[in-house]
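Hi there,

Here is the structure I promised to pass on. Have a look, and then read on for my notes.

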Amino acid sequence: MELLSELREVKEKKEPSKIKDKYEAVNQNTNELQMLFSGLFIGYKKFISSQDAQNCSFTPSCSEYALQAVKQQGVLRGMLNGFDRLTRCNSLSPEKYELDPETQLLKDPLTL
């Protein structure tokens, strides 16, 4: 009985939080287009990104960055900003970015 309760505790600790709860930007939709991009982001995170290892060099990740960019800058400018970020997602020039001590990833927050 005690072993069962310990297993439940371990499972609860390993259980990832829901994507909607983890990323604030997903819940901040003001129109249908933002809802569409949030849905695409959730689908990507749940079915594609979760299948492979952490490959993004930055924090926030490129997909989260693109979602934030679309929500803050609009669809056209946000997508261009997201594509720009994807082209920079490599380890060729780490000296241009600050290192996040918690995640050991390069910091590149969205700035306006």
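This is a predicted model: local features need pLDDT of at least 70, side-chain atom pairs count only at pLDDT 80 or more; totals for chains, interfaces and linings use all residues.

Leu40 sits in helix H3, which spans residues 32-48. In soluble globular proteins, nonpolar side chains tend to be buried together.

The side chain of Ser38 makes a polar contact of 2.8 Å with the side chain of Asn29. Setting aside neighbours within four places in sequence, the residues in contact with Ser38 are Ala25, Val26, Asn29, Leu67 and Lys71.

Now for the overall layout. The protein chain has 5 helices and 3 strands, and from the N terminus on they follow the order α-α-α-β-α-α-β-β. Of the 112 residues in the protein chain, 30% are buried. The chain exposes about 8,500 Å², with carbon and sulfur atoms supplying 56% of that area. Among contacts with a separation of 6 or more, 57% are between residues 24 or more positions apart.

On the inside, the largest nonpolar core has 8 residues: Ile19, Tyr23, Ala25, Val26, Phe37, Phe41, Leu67 and Val70. The elements that contribute two or more residues to this core are H3 and helix H4 (62-73). Tyr23, one of the core residues, touches Phe41, Lys45 and Glu64 when residues up to four places away in sequence are not counted. There is also a second, separate core of 5 residues, including Cys56, Cys62, Tyr97 and Leu106.

Side chains of opposite charge can pair when their charged atoms come close. The structure holds 4 salt bridges. In one of them Arg85 pairs with Asp108, with 3.6 Å between the closest N and O atoms. This pair links distant parts of the chain: Arg85 belongs to helix H5 (residues 75-88), while Asp108 lies in the segment after strand E3 (106-107), 23 residues apart. How accessible are the two partners? Arg85 is buried, with a relative accessible area of 0%, and Asp108 also counts as buried, at 10% relative accessibility.

Asp108 has a salt bridge with Arg88 as well, at 2.9 Å from N to O. Here too distant parts of the chain are linked, with Arg88 in helix H5 and Asp108 in the segment after E3, 20 residues apart. Arg88 is partly exposed, with a relative accessible area of 22%.

Another salt bridge joins Lys107 and Glu98, whose closest N and O atoms are 3.5 Å apart. Lys107 is partly exposed at a relative accessible area of 31%, whereas Glu98 is exposed at 53%. Through salt bridges with shared partners, Asp84, Arg85, Arg88 and Asp108 are joined into one network.

Best wishes

Key. Residues are numbered from 1 along each chain as its sequence is written. Side-chain values use heavy atoms; hydrogens and water are left out. Helices (H or I, at least four residues) and strands (E, at least two) are DSSP runs, numbered from the N terminus. A polar contact is a pair of N or O atoms within 3.5 Å; within protein, one must be able to donate a hydrogen and the other to accept it, and residues adjacent in sequence count only if both atoms are side-chain atoms. Contact means heavy atoms within 4.5 Å. A nonpolar core is a set of buried Ala, Val, Leu, Ile, Met, Phe, Trp, Tyr and Cys residues joined through side-chain atoms within 4.5 Å. Buried means under 20% relative accessible area, exposed over 50%, partly exposed in between (1.4 Å probe, protein chains only). Accessible areas come from the Shrake-Rupley method with a 1.4 Å probe; for residues, only the protein chains shown count as cover. A salt bridge is a side-chain nitrogen of Lys or Arg within 4 Å of a carboxyl oxygen of Asp or Glu.
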